[in-house]
Amino acid sequence: MKGYVCLPRDFIQFPVWTEEPRDRVMAFVELLALASYTERIVAQSKGRIHLDKGEIMVPISYLAKRWKRSRNYVYKVLNYFSSRGLIEVKADYCNSIIRIVDWEKYQ
């Protein structure tokens, strides 16, 4: 993947940064890095999926493996981010589409 993710200076004021455990910060930054920086079409078994800027299509099991955590932990972290208005999640039985709220702010 090419490109950059910019973080606003006030990011260090966000609850995701200041609250424990600190590994949530790493998880959020990784979601920013994984998010599509352009609109694109992703092929999958059910057909093609259109991803907008700031969206990620990923199985929860993939994030669990990357973060070396349980799927339950990933669900909890995603719910935490969602409840704070940082992301929106649409899930089905195979993949989740995670949308970074205010994506342009990080560009």
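Which residues of α2 are buried? Among them are Asp23, Arg24 and Glu30, and the legends below give the rest. This is a predicted model, where local features need pLDDT of at least 70 and side-chain atom pairs count only at pLDDT 80 or more, while totals for chains, interfaces and linings use all residues. Residues are numbered from 1 along each chain as its sequence is written, and side-chain values use heavy atoms, with hydrogens and water left out.

**View 1. The whole fold, with its four helices and five strands.** Helices here are DSSP runs of H or I with at least four residues, strands are runs of E with at least two, and both are numbered from the N terminus. Follow the chain and you get α-α-β-β-β-α-α-β-β. The radius of gyration is 14 Å, close to the 13 Å from the globule rule for 107 residues, so the protein is as compact as a globular protein of that length. That radius is taken over C-alpha atoms, and the rule is 2.2 Å times the number of residues to the power 0.38. Along the principal axes, the C-alpha trace spans about 40 × 30 × 25 Å.

**View 2. Helix α2, residues 23-34.** From first C-alpha to last, its 12 residues reach 16 Å, close to the expected 16 Å at 1.5 Å a residue; the expected span is 1.5 Å times one less than the number of residues. This helix is mostly covered, with nine of its 12 residues buried. Buried means under 20% relative accessible area, exposed means over 50%, and partly exposed is in between (1.4 Å probe, protein chains only). Across the whole protein, 40% of the 107 residues count as buried.

**View 3. Ser96 in strand β5, residues 96-100.** Leaving aside residues up to four places away in sequence, Ser96 touches Ile56, Met57, Val58, Ile60, Val89, Lys90 and Ala91. A contact here means heavy atoms within 4.5 Å. Zooming back out, of the protein's contacts between residues at least 6 apart in sequence, 53% join residues at least 24 apart.

**View 4. Ser61 in helix α3, residues 60-67.** Ser61 is partly exposed, at 38% relative accessible area. Arg71 is 10 residues away along the chain, and the C-alpha atoms of Ser61 and Arg71 are separated by 6.0 Å.
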